[in-house]
Amino acid sequence: MAQPPAEILPGTLDMLILRVLSRESLHGYGVAQRLQVLSEDVLQVGESSLYPALQRLLLNGYVEAEWGASENNRRARYYTLTAHGQKYLASERTNFDRYINAIQRVLHA
Amino acid sequence: MIRQLLARIRYRRFDRDLREELELHRALLTRDDADGAARAMGNELRMRELARDVWVRPSLDAWLQDLRDALRFATRRPAFTATVAGVLGLGVTVSVVAFSLLDALLLRPLPVDRPERLVYLRDPSFSYPIVREVQQRTTVFTSSFAWNLSQYDVDWGAGLQPALVMLASSAMYRTLGVGPQIGRLLAAHDDDATESAAVGVLSDRTWRTQLGADAAVIGRTVRIGDAMVTIVGVTPPGFFGVSPGRAPDITVPVLRAPRLRQSDRRMVIEPFAASFHVMARLADGVALEQADAAFQVAWRQALEAVTPASLPPQRRERFLGRRTGLVSAATGFSSVRNQFRQPLIVLAWFAGLLLVVTCATVTNMLVAGTWGRSREVAVRVAIGCGRMRLARQLLIEGLLLATGASVLALAIAPFLTRWLVSLVATSDAAVTVGWTVDARLLAAVTLLVVMCAAAFSIAPIVLALHVDTSTALRGGARQPAAHGGALGRSLVAVQIAVSVVLLIGAGLFTRSLARVLSVDPGFESRNLYSARIAVTVDPRAAIDALQEERGVEAAAVSLYPPISDRDGSWTQSIAIDGAAPLESSRFTFFNAVSPGFVSALRIPLVAGRDFSWADAAGNARVAIVNAAFARRFFADENPIGHRVSVGLDASRRDLTIVGIAADTRYQRLQEERREIVYVPLAQAAESVGARELFATIRARRAAIDDAESLRQRIAALNPDRAVRLEAVSDRIRQSLVTERALSSVALSLAACALVLSCAGVFGVMSHLVSRRMQEIGIRMALGARAAQVLRQMLGQTMAIAAGGVAIGSAVAFASVRRIEGLLHVSSSDAITYAAAAGTTLVLAAVAGWIPARRAAAIAPTTALRAD
């Protein structure tokens with residue numbers, strides 16, 4: 001049996017969503033799917049964290065939302081990364097890399 | 001914050017979008033992974049709330065929730081809410097009215113262009129020639145104007161009636177930066193030629209009330225005094241001239257004054273008349289001190305220019321020594337203000353104190369209310385309501401109550417204002433202060449609401465925070481007793497203390513009024529009437545005509561009526577038997593009277609004789625002096641045959657004293673005893689520029705027989721003026737407007753405070769009794785008698801009341817010195833203090849007696865069975 005999906009590290013969800021959206025515009029479910037696929041089923045995000053996070057990103061202007069048709073022909077809200085979001089993602093990534101490296105160094109010391 | 005509010009407003013759509021998005025999510029999830037769907041099917045509601053919270057911060061939501069709760073709570077107990085709001089509304093109303101009047105008369109800047117750059121000349125009345133000189137010599141003003149307000153009889157088209165006429169230089173409107181509403185305002189050419197047509201500018205108020213806001217009014221003529229005046233324009237609404245409380249009905253150029261009233265010619269040509277006030281706008285960039293320094297130079301030059309070189313050096317010196325200076329006129333210049341400044345400040349203090357009493361009352365009511373809610377409070381705390389949230393809710397409730405009270409206050413205030421103004425306005429001295437709601441007032445009301453809410457919410461909040469959750473939940477009737485009980489008692493003591501202060505103040509004013517009213521005017525005011533008659537009428541013919549009336553016992557004519565009050569006075573410095581003139585600070589008062597004046601007023605003649613018609617213009621000059629005059633200048637000597645000299649040098653006249661009359665009050669009842677000289681009317685004509693004369697009529701009975709016929713006769717004697725026939729007792733009453741207003745207002749407010757305090761005593765004691773029901777029951781079961789219980793409970797009441805009375809008396813004693821100027825009794829008048837303390841103690845005892853009786857009537861069995 002596969003290992004149970006891991007909790008997403010606190011504070012990283014926004015960055016992960018932005019990263020996913022940096023490739024293409026997706027609706028909420030798409031974001032969750034893509035996260036799961038890209039992380040090879042390790043990261044699973046529940047709707048109760050996903051949608052508040054998306055709203056937060058909207059509020060801060062990192063993403064834009066637009067209503068479009070989904071694959072099953074229902075109305076779906078598609079999220080797109082903004083230039084502002086791009087910048088934010090880049091800075092978050094740098095920070096996160098430094099942070100992870102630091103942890104790694106400590107653990108492997 | 002704005003985005004949050006927007007999100008709130010768009011909440012419905014937001015929520016719908018979110019739900020739709022979520023349904024899609026679920027649908028896709030079910031398609032891909034049937035098992036996972038069930039697992040992920042978390043709490044949808046929770047998720048939606050979380051998503052929404054991103055936009056709408058929970059705090060705002062909670063505030064709105066609290067507001068809803070407070071509203072619900074208020075409407076659930078309508079009687080309680082109405083009582084609290086009503087009590088508070090009373091206090092807020094009085095404060096709002098006091099602020100409104102204070103602001104209108106003392107504080108609010110003139111509603112004109114940059115009022116802070118306006119100045120007026122201190123020491124405040126000047127002659128027109130000197131004003132002209134000053135205007136020509138001063139460079140620190142961009143413009144300046146002279147003005148004066150006086151009462152004239154004006155015929156707007158429906159008969160003569162008194163109106164306030166402003167005489168002003170045309171530069172007034174330019175100086176103030178005011179344009180016409182319709183027509184034109186005064187122009188420079190109106191100032192020049194004395195002979196051109198008289199024109200006038202109407203105030204907006206008069207245009208509306210007297211002339212029906214008719215735009216065709218331009219070009220119409222109205223009669224003012226002796227002249228027909230053409231209306232050329234109307235000032236904008238809101239503009240009331242420069243004197244708060246004294247808004248003119250119509251404004252006429254200064255130099256037209258003699259046409260309105262022949263006798264006013266002196267006013268514009270005589271260099272030492274004191275008829276005009278001067279206001280000016282400072283040149284840009286000139287500070288007041290700078291301007292004043294420059295002005296002083298111009299002032300001295302102007303004095304030199306108008307003072308004739310021919311004057312004797314001593315008098316010349318005196319005229320040249322006159323000083324004045326510039327004072328800021330940002331809030332205007334008003335005689336009404338000067339008259340009512342102190343009473344208004346007293347009113348403001350009284351209002352503030354009443355507000356303290358009402359806040360204390362409300363606190364006590366809310367505290368009692370919180371006790372009643374201790375169960376609710378406990379439940380809320382138990383299910384996790386934060387104490388801060390609880391405090392906030394109580395504060396919101398307080399704010400809501402205060403807001404309700406202020407709405408009530410704004411509804412009542414106009415009526416109260418009208419009543420207050422009607423107390424001080426008399427027929428011949430209109431006080432034009434109305435109720436207006438403006439930004440300043442609203443700001444004041446808001447501040448008041450917040451202050452009150454904060455003041456009376458503190459106690460319930462503290463109390464709620466100390467609610468013992470477990471006891472309250474268990475349903476114990478036992479409330480946080482000790483703490484709240486002491487609070488209630490001290491609040492009541494404060495209320496009583498404040499009430500005592502108010503009562504003492506009101507008592508002092510009332511005693512002053514009574515003292516003044518009991519003053520003997522020196523003549524018999526009963527059945528005595530006075531009426532204006534034209535200065536051109538022959539006094540003898542007038543007296544004969546009046547005495548033909550059936551109800552008239554005697555009549556006389558004089559320059560000033562008994563209790564002259566606003567009709568003014570005539571003073572001169574005098575010398576005795578040709579000695580050097582007395583440079584005394586005290587002038588002697590003069591009145592010119594016809595023969596029979598002394599007897600018509602029933603002033604006892606102490607010695608000598610009354611005037612007769614033989615004391616005519618060409619004959620020997622004579623005078624009657626009053627007893628005070630005789631005492632001051634002649635001590636034990638007999639003054640009859642001695643001479644009184646008036647005027648100086650060439651204009652000096654010697655009057656031989658032929659009689660001594662008893663002392664009378666000249667202008668007001670409350671004045672000091674004055675030295676009075678009566679001269680025959682026929683011999684005074686040339687020295688007095690009289691505008692009008694007064695007939696004094698003694699009626700046979702209180703109601704004049706056939707008053708209408710008398711009025712017609714007076715109208716015939718005074719064809720150009722409205723008939724003003726008034727009882728001298730009414731003149732006395734009118735001369736006491738300030739005293740009467742202060743007394744009735746202070747008494748009303750003190751009575752309100754006292755009633756609230758007694759209600760407080762009643763409430764606190766009732767509460768105490770119901771809380772100690774059990775204990776009293778036990779004691780009675782153990783043999784305590786009803787009388788003992790009654791005495792004990794009453795004792796508690798009296799302890800509170802006595803404490804309050806003691807503090808209140810001490811505070812009053814320390815502070816009444818400030819109102820000494822308004823009093824005619826000593827500010828430490830023992831009777832007033834005793835009466836205030838006695839009244840308060842008796843009423844408190846009555847209020848405390850009712851619950852005490854209830855305590856004494858407790859049946860031990862019932863009390864023990866409860867809980």
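A residue counts as buried under 20% relative accessible area, as exposed over 50%, and as partly exposed in between, with a 1.4 Å probe and protein chains only. This is a predicted model, where local features need pLDDT of at least 70, side-chain atom pairs count only at pLDDT 80 or more, and totals for chains, interfaces and linings use all residues. Residues are numbered from 1 along each chain as its sequence is written, chains are lettered from A and ligands numbered from 1 in the order in which they are written, and side-chain values use heavy atoms, without hydrogens and water.

Confidence comes next. The model scores ipTM 0.80 and pTM 0.75. pLDDT is the predictor's confidence in each residue, from 0 to 100. Its mean over chain B is 83, and 89% of the residues of chain B reach 70 or more. Residues 479-484 of chain B stay under 50. For that stretch the model has 10 contacts beyond four places in sequence; a contact means heavy atoms within 4.5 Å.

Now the strands. Helices (H or I, at least four residues) and strands (E, at least two) are DSSP runs, numbered from the N terminus. Strand β15 of chain B spans residues 588-593, and six of its six residues are buried. In a regular strand the side chains alternate between the two faces of the sheet. Here both faces are covered: B:T588, B:F590 and B:A592 lie on one side, B:F589, B:N591 and B:V593 on the other. Two strands pair if DSSP finds at least two bridges between them. β15(B) pairs with β13(B), residues 570-572, in the antiparallel sense over three bridges. In that pairing, B:W570 stands opposite B:F590. β15(B) also pairs with β20(B), residues 676-680, in the parallel sense over five bridges. There B:V593 stands opposite B:P680.

Where are the buried residues of helix α16(B), residues 374-382? They are B:S374, B:V377, B:A378, B:R380 and B:V381. They share one side of α16(B), because they cover an arc of only 165° around the axis. The arc is that of the directions from the helix axis to the C-beta atoms.

Charged pairs follow. A salt bridge is a side-chain nitrogen of Lys or Arg within 4 Å of a carboxyl oxygen of Asp or Glu. The whole structure holds 37 of them over all chains. B:D567 and B:R724 form one, at 3.0 Å from N to O. B:D567 lies in the loop between β12 and β13 of chain B and B:R724 in the loop between α25 and β22, so the pair ties together parts that are 157 residues apart in sequence. B:R724 is buried, at 16% relative accessible area. B:R609 and B:D615 also form a salt bridge, with the closest N and O atoms 3.0 Å apart. B:R609 is partly exposed at 33%, while B:D615 is buried at 8%. A further salt bridge joins B:D663 and B:R673 at 3.2 Å. B:D663 is buried at 14%, whereas B:R673 is partly exposed at 45%.

Last, the nonpolar cores. Such a core is a set of buried Ala, Val, Leu, Ile, Met, Phe, Trp, Tyr and Cys residues joined through side-chain atoms within 4.5 Å. The largest has 94 residues, and B:F456, B:F509 and B:M793 have the most contacts inside it. Helix α27(B), residues 737-771, gives the largest share of this core, 15 residues. Apart from it lies another core of 70 residues, among them B:L559, B:F589, B:V625 and B:V646.
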